[in-house]
Amino acid sequence: MKLNKVEKRTFFLLILVAFFNGFVFSSFQIQDIIAKKALHAFDWQITILVMLWPISNLLSIWWGKILEHSKSLSKFFVLTAFMGRLSLIFMLWVHNYYQYLVILIVIFSFSAFISPARNSIYQMNITRKNRGIIFGYTSSLITLVIICTSFMAGKILDINENWFRYIFAVVGIMGCIGALIMALIKIKKRSFEDKAFLNLKQFFVKPIKRTLEILKENRDFAIFQRNFFIYGVSFMILLPAIPKYLVEYLQMNYTHTFLAKGIISQIGILFLAPFAGKIYDRKNPALFTTLIFLIISFYPFTLLISSLFIGYSFVNYIVYLAFFIFGIAMSGLIISWNISSIYFAGKEDVSMYQGVHVTLTGIRGLFAPFLGLLIMKTLGIRALFCTAMFLFLLASTLSYKLYLAMNKRELKICIPE
């Protein structure tokens with residue numbers, strides 16, 4: 001990579017942030033398994049738990065609007081450090097599911113700020129030719145930390161599952177340090193709205209109006225979001241099923257479940273994220289997502305195959321293959337999910353665009369996990385795997401259709417009549 005002075009400093013700080021954030025993301029990978037095994041959560045309680053991340057994303061359009069009116073992001077990162085990360089220390093006093101849930105609600109509420117704020121950093125400090133590959137390198141480092149942490153956590157909890165409290169406390173401290181480092185990244189927002197801060201009415205109403213305005217005016221972005229919405233529904237209907245499938249159907253212990261969810265599922269990201277980022281920098285986001293939506297459709301397909309061999313000694317290896325495929329797809333998905341909004345925002349402030357993108361994640365989070373639970377309870381887990389596979393393939397097909405339309409438009413611009 002050829003980096004200018006600002007890019008070099010930003011890249012260095014982002015690498016440091018990635019290391020500390022890896023601990024936070026590792027806890028996101030295992031929090032449902034801990035609830036299922038250590039706190040004996042019911043299926044509906046697990047469903048609520050996996051909904052926290054998408055539902056908290058509903059806050060992103062409000063975070064995005066605040067960022068449009070803010071010259072500096074530092075104060076928000078400091079707030080996130082102490083309220084949205086360090087509060088994990090209170091896990092030391094957790095003894096039931098509901099205490100666990102309240103703490104995670106706080107954590108995920110502040111996580112909704114991170115994505116639009118990080119996109120502002122990439123938009124302002126990183127040139128377009130380097131965004132994907134830099135994000136890929138930071139994602140690989142995060143993944144390496146996730147793999148190491150998940151492996152150690154699995155071994156520790158197989159010895160004493162009550163030690164999950166200390167694991168979360170350490171995660172909170174590391175996450176706090178990571179957010180404070182992000183506060184050190186200086187950006188100059190060219191599109192800053194130099195206006196008085198939002199009053200109460202503007203705070204609640206303007207983000208919604210701005211969201212509708214963006215989706216109406218930027219048709220390509222709206223279609224891209226529709227396709228991502230379909231993919232996201234498929235992704236989320238699987239969330240409540242995975243802990244139940246691994247723990248109850250396959251009778252996996254902590255080591256084996258963390259091996260699948262926290263290690264094997266991350267291998268693709270670890271080794272392929274920089275490569276995927278390099279491809280992303282050279283391709284239209286619609287074409288890029290066409291491929292990764294297609295790849296991830298093999299994830300529920302392989303789980304479906306594994307369900308035919310429950311009780312056999314080799315079934316765990318089929319499940320591991322499913323999570324390996326998942327990891328390959330996620331090496332591209334994390335890049336597309338996090339920075340595609342920059343492409344569609346163009347010269348506009350990306351904070352609100354990413355806020356719209358993340359908030360739509362929250363909207364599908366209101367119903368998709370419960371839809372997955374309903375399908376699983378009424379039609380069975382195999383029907384759920386089939387439904388997820390169909391939706392992934394549908395999202396891939398529609399993304400390719402969007403790519404063809406965008407490519408045709410670009411050719412008309414390049415070749416004057």
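This is a predicted model: local features need pLDDT of at least 70, side-chain atom pairs count only at pLDDT 80 or more; totals for chains, interfaces and linings use all residues.
Residues are numbered from 1 along each chain as its sequence is written, and side-chain values use heavy atoms, with hydrogens and water left out.

**Overall make-up**

- The chain has 17 helices and zero strands, where helices (H or I, at least four residues) and strands (E, at least two) are DSSP runs numbered from the N terminus.
- Of the 417 residues of the chain, 61% count as buried; buried means under 20% relative accessible area, exposed means over 50%, and partly exposed lies in between, with a 1.4 Å probe and protein chains only.
- Among contacts in the chain with a separation of 6 or more, 87% come from residues 24 or more positions apart, a contact being heavy atoms within 4.5 Å.
- The count of disulfides is zero, by a rule that asks for a pair of cysteine sulfur atoms within 2.5 Å.

**Core residues and a buried glutamine**

- Tyr231 touches Phe293, Ile296, Met330, Leu333, Phe392 and Ala395, when residues up to four places away in sequence are not counted.
- Gln31, in helix α1 (residues 5–37), counts as buried because its relative accessible area is 7%.
- As general background, nonpolar side chains tend to be buried together in soluble globular proteins.

**Helix α10 and Lys244**

- Helix α10 is mostly covered, with seven of its nine residues buried, and these are Ala241, Ile242, Pro243, Lys244, Tyr245, Leu246 and Val247.
- Lys244 lies in this helix, which spans residues 241–249, and Lys244 counts as buried because its relative accessibility is 12%.
- The side chain of Lys244 makes a polar contact with the side chain of Glu248 at 2.7 Å; a polar contact is a pair of N or O atoms within 3.5 Å, where within protein one must be able to donate a hydrogen and the other to accept it, and residues adjacent in sequence count only if both atoms are side-chain atoms.
- Leaving aside neighbours within four places in sequence, the contacts of Lys244 are Asp43, Tyr249, Met376 and Lys377.
- Lys244 and Asp32 are 212 residues apart in sequence, yet their C-alpha atoms are 9.8 Å apart in space.

- Gln251 follows α10 and has a positive phi, near 55 degrees; Gln251 lies in the loop between α10 and α11 and counts as exposed because its relative accessibility is 62%.
- His40 likewise has a positive phi, near 55 degrees, in a residue other than glycine; His40 sits in the loop between α1 and α2 (43–56) and is exposed because its relative accessible area is 57%.
- For context, most residues other than glycine have a negative phi.

**Cavity and pocket**

- The structure holds one cavity of 30 Å³ or more; on a 1 Å grid over the protein atoms alone, a cavity is a set of points where a 1.4 Å probe fits but cannot get out, a pocket is an open set with protein on both sides within 12 Å along at least five of seven lines, and lining residues have an atom within 4 Å of a point.
- The largest cavity has a volume of about 1200 Å³, where grid points are joined across faces, edges and corners and a volume is the space filled by probe spheres set on the points.
- Lining the largest cavity are 50 residues, of which Phe25, Phe28, Gln29, Trp53 and Met330 lie nearest its centre, and α1 supplies the largest share of the lining, nine residues.
- The largest pocket contains about 260 Å³ of space, and its lining includes Gln123, Arg128, Arg131, Tyr280, Asp281 and Lys283.
- α14 gives the most to the lining of this largest pocket, with three residues.
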